[in-house]
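Please open the structure in your viewer and keep the selection tool at hand.

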Amino acid sequence: MKVMIKKFVLQVLAFSLLETMIFAEEEKSNVVNLTVDQAVEFALKNSNSMKSADIDLAMKERAGKYGWNVLLPSVNATATMNRSSSDSLESKGVPASMQTESLHWTGIVGVSASWSFSFAYIEQIRIAKKNYEVGQLSFEKSQREIKVNVQKLFYGLLLQQENLRLQKTSLENSRQRYIQAETNYKNGAVPEIRLLQAQVAYQNMKPTVSKLEKEFMASIDTFAFLIGYPVGTEIQLSGSINPEYIEADYDKLMNLYSSCNLDLQNLDKNIEIAKMGLTAANLGAYVPSLALNYSYTPMLTNFLDADKGGYPSGGDWKDLNGSFSLTLAWNLTNLLPFSANRQQAADTKATIQKLEVNRNMLLENQKINVRKAVNTLVDAREQIDVMSRNIGLAQRSYEMTARSYRNGTTELLDLRDAEDQLNKAKLGLANQKFNYISALLDLETELNVEFKKVSDEAETVETVNENKGE
């Protein structure tokens, strides 16, 4: 009996353990692990801003694809049933005694087609296609903005996570010191003031760590929403703040990539569109347009007359106003300097001048931003080298101070100062690495280039050249 009870208990425990493992696995499956590349890829597919950019691009693509529809003729078809009054028939010489219901009714159908052509239409078609090119640039800019923003947010969260980790480590160290002080106090090795100091230091750190943890979770929720995950999705970040260093030379970068700037390309396209609009306005003013018109309007009468067996006879068809015309039109009003056409052309010229001024301003602003990013990269690289060495010194100082504290030769305040200095050094290093990554992303945005890809392509070219040499 005891053996059976023992087996039953073991089976229950095994089932409970299996159920717990399955539940834990389900909970684990709800956690999303993301690297920075995965976060960018997901955001490009699911973020609301990219969905909006997709719609805008599709609209401009459709407009560019069917811009030629200005050359389509206008075709209209009409059908009319008309009943004349008795007086109207009498005025046409049909006495009242001879009027039948059929004579009152007529059926009229009409087909008309018109087609016009102006050389300005050619420019309109070109403008529609150029607008699609502008849309592609805007879409590419939206993609790059998403990439940069997501990467900055991702590394910013890693920095926030590192700060939280350091604070949790300090909290755990404070807790261990409190436990040690409590044990030493009970053994009579330290006075009560030592215990109280350790306890106060431990309790004071708890709210700070709790606040940092809540702020980090709120940042994770915001990040999940921005890249397209449902609010409340638990995300774990996989990665570290380790930048890939480049040789940043201002003059070389400007010579190679200055013209690649997306805003600059967009502005150049808009200048081209404005110039096409000016050409279209001039063609509309100085070149006549051609118009072709054709119409066919048959009329059916007496279709209600009955003959054999009481069925309608089919009536009589007559052509009313069938015609074809070819017209060459020239709006002479558009030649007047104060006409709407000429004023629109003057406004377009002013717009072109304004866009060219904006282009010069953009070039100067680009120089400022690139120089600023390069200086930040150089400064951050130097700070990273210095802080990497300082961390080793701060670590040794903390370990020596902790050893002295355990031996009772150093005060708690000195130990906490040493720990704070170590944490500041670690956080400062992570912060400078983040600054380097952020400046590198800004530089890539300004020059519309990814330096990692450039480096990979350069290595590929060198390998190909070496193989050719062999």
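The stops below concern the core, the salt bridges and the surface patches.

**Before starting**

The model is predicted, and residues are numbered from 1 along each chain as its sequence is written. Local features need pLDDT of at least 70, side-chain atom pairs count only at pLDDT 80 or more, totals for chains, interfaces and linings use all residues, and side-chain values use heavy atoms, with hydrogens and water left out.

**Stop 1: the nonpolar core**

Select Leu34, Val150, Phe154, Tyr155, Phe223 and Ile235, which touch the most other members of the largest nonpolar core, a set of 41 residues. At least two residues of this core come from each of β1 (32-34), α2 (36-46), α3 (48-65), α6 (120-186), α7 (192-227), β4 (235-237) and α11. The largest share, 13 residues, is supplied by α6. A nonpolar core is defined as a set of buried Ala, Val, Leu, Ile, Met, Phe, Trp, Tyr and Cys residues joined through side-chain atoms within 4.5 Å. Buried means under 20% relative accessible area, exposed means over 50%, and partly exposed lies in between (1.4 Å probe, protein chains only). Helices (H or I, at least four residues) and strands (E, at least two) are DSSP runs, numbered from the N terminus. In soluble globular proteins, nonpolar side chains tend to be buried together.

**Stop 2**

Next, select Lys45 and Glu41, which form a salt bridge whose closest N and O atoms are 3.5 Å apart. A salt bridge is a side-chain nitrogen of Lys or Arg within 4 Å of a carboxyl oxygen of Asp or Glu; by this rule the count comes to 14. How far apart are Lys45 and Glu41 in helix α2? They are 4 residues apart, so about one helical turn separates them. Lys45 is exposed, at 59% relative accessible area, whereas Glu41 is partly exposed, at 44%.

**Stop 3: salt bridges between helices**

Select Asp263 and Lys141, a salt bridge with its closest N and O atoms 2.6 Å apart. Asp263 lies in helix α9 (residues 262-286) and Lys141 in helix α6, so this pair ties together parts that are 122 residues apart in sequence. Both residues are partly exposed, Asp263 at 32% and Lys141 at 31%.

Then move to Asp268 and Arg359, whose salt bridge has its closest N and O atoms 2.5 Å apart. Asp268 in helix α9 and Arg359 in helix α10 (residues 340-406) are 91 residues apart, and the pair links these distant parts of the chain. Finally, select Lys130, Glu133, Lys269 and Glu272, which salt bridges with shared partners join into one network.

**Stop 4: a nonpolar surface patch**

Select Val75, Val111, Tyr294, Tyr296, Phe324 and Leu326, which make a nonpolar surface patch of about 640 Å². β5 (289-296) and β8 (323-329) are the elements that give two or more residues to the patch. Tyr294, found in strand β5, is partly exposed at 43% relative accessibility. Patches are made of residues with over 30% relative accessible area and no salt bridge, with like charges joined within 9 Å and nonpolar side chains (Val, Leu, Ile, Met, Phe, Trp, Tyr) within 5 Å.

**Stop 5: a negative surface patch**

Last, select Glu411, Asp414, Asp417 and Asp420, which gather in a patch of negative charge on the surface. Asp414 is found in helix α11 (residues 412-447) and is partly exposed, with a relative accessible area of 41%.

Conventions
Accessible areas come from the Shrake-Rupley method with a 1.4 Å probe; for residues, only the protein chains shown count as cover. Lys and Arg count as positive and Asp and Glu as negative; His and the chain ends are not counted. The place of a charge is taken as NZ of Lys, CZ of Arg, CG of Asp or CD of Glu.
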